[in-house]
Amino acid sequence: MVQARKIALYIIVVFVLYTIITSPERAADLVQVGFEGVSSAAQGVGDFMSELVE
């Protein structure tokens with residue numbers, strides 16, 4: 001199980017580096033979309049908690 005995890009992590013790192021090297025603009029867009037998703041999720045949780053308190 002540990003070996004599979006190490007291999008999966010290695011593949012992900014290689015893929016990320018390949019994406020950044022071959023297409024930095026696309027990589028930046030993907031990071032921006034990721035941060036926007038996390039931000040939206042956090043805002044949704046905050047809104048939900050605010051409604052629970054009221």
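Accessible areas here come from the Shrake-Rupley method with a 1.4 Å probe. By that method, the accessible surface of the protein chain comes to about 5000 Å², and carbon and sulfur atoms account for 71% of it. The model is a predicted one.

The overall form can be taken next. The secondary structure of the protein chain consists of two helices and zero strands. Along its principal axes, the C-alpha trace spans about 45 × 35 × 5 Å. The radius of gyration is 17 Å, whereas a compact globule of 54 residues would have a value near 10 Å.

Helix α1 covers residues 2–22. From its first C-alpha to its last, α1 reaches 30 Å, and this is close to the 30 Å expected for its 21 residues at 1.5 Å a residue. Helix α1 lies largely in the open, because the number of buried residues among its 21 is one.

Thr19 belongs to α1. A residue counts as buried when its relative accessible area is under 20%, and Thr19 is therefore placed in that class by its relative accessibility of 14%. What does Thr19 touch, once residues up to four places away in sequence are not counted? Its contacts are then Pro24 and Ala27.

Leu17 is another residue found in helix α1. Its relative accessibility is 47%. The partly exposed class runs between the buried limit of 20% and the exposed limit of 50%, so Leu17 counts as partly exposed. Leu17 and Val38 are separated by 21 residues in sequence, and their C-alpha atoms are 22 Å apart in space.

The surface of the model also carries a nonpolar patch. Which residues make this patch? The contributors are Ile7, Tyr10, Ile11 and Val14, and the patch has an area of about 420 Å². Of these residues, Ile7 is found in helix α1.

Taken together, the description is of a predicted chain with two helices and no strands.

Technical notes: Residues are numbered from 1 along each chain as its sequence is written. This is a predicted model: local features need pLDDT of at least 70, side-chain atom pairs count only at pLDDT 80 or more; totals for chains, interfaces and linings use all residues. Side-chain values use heavy atoms; hydrogens and water are left out. Patches are made of residues with over 30% relative accessible area and no salt bridge: like charges are joined within 9 Å, nonpolar side chains (Val, Leu, Ile, Met, Phe, Trp, Tyr) within 5 Å. A salt bridge is a side-chain nitrogen of Lys or Arg within 4 Å of a carboxyl oxygen of Asp or Glu. Helices (H or I, at least four residues) and strands (E, at least two) are DSSP runs, numbered from the N terminus. Buried means under 20% relative accessible area, exposed over 50%, partly exposed in between (1.4 Å probe, protein chains only). Contact means heavy atoms within 4.5 Å. The expected span of a helix is 1.5 Å times one less than its number of residues. The radius of gyration is taken over C-alpha atoms; the globule rule is 2.2 Å times the number of residues to the power 0.38.
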